[in-house]
Amino acid sequence: QLEDLYALTFERAEDLQRVCWSASPSPTELTGARLGLMAASTKRSRFLRERVYPLLMASSAAKIRELDKDLSDKRVKTSEHITRWSLVAIQADWPGYRTAVDRILKGVESRIAMEKAIILPALYAIDKAQAGRLDGVA
């Protein structure tokens with residue numbers, strides 16, 4: 001399910017990037033793309049905090065706390081970005097917004113790469129250990 005959430009987040013990031021490639025902003029498309037990325041990111045974050053982090057705390061507590069702090073920091077930056085870039089501000093400075101979005105999308109890509117590097121190996125190790133405990137039981 002986590003890989004599906006990564007794919008969804010990347011799809012929504014691509015939607016926003018596609019909208020930002022236009023010569024001028026379409027408020028309807030832009031609003032939809034922004035909300036889509038926010039919803040996908042929030043869904044992934046909620047899944048991590050509610051399902052993944054608790055599972056990994058026993059084996060990787062320090063790394064999980066680091067990821068959680070980074071996630072909180074990114075939420076603050078996202079909130080600042082949204083506050084700064086209202087539709088009025090976007091229409092007044094479309095090139096500036098496109099540059100800001102590029103930074104945000106690179107941050108999303110970097111964050112998911114970090115998650116994959118830390119979380120996926122830990123989850124696979126747990127799966128392998130659990131499967132090993134079941135060997136010989138059946």
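1. (Helices are DSSP runs of H or I with at least four residues, numbered from the N terminus.) A pocket here is an open set of points on a 1 Å grid over the protein atoms alone, where a 1.4 Å probe fits, with protein on both sides within 12 Å along at least five of seven lines; lining residues have an atom within 4 Å of a point.

2. Please keep in mind that this is a predicted model, where local features need pLDDT of at least 70, side-chain atom pairs count only at pLDDT 80 or more, and totals for chains, interfaces and linings use all residues. Residues are numbered from 1 along each chain as its sequence is written, and side-chain values use heavy atoms, with hydrogens and water left out.

3. Now to the largest pocket: 24 residues line it, and Leu37, Thr78, His81, Ile104 and Val108 lie nearest its centre. H2 provides the largest share of that lining, 15 residues, and both H2 and helix H4 (94-134) supply at least two.

4. Helix H2 itself deserves a look. Residues 27-84 form this helix, and its end C-alpha atoms are only 16 Å apart, whereas a straight helix of 58 residues would span 86 Å (1.5 Å times one less than the number of residues). H2 has a kink of about 130° centred on Ser60, the bend being the angle between axes fitted to the seven residues ending at a residue and the seven starting there.
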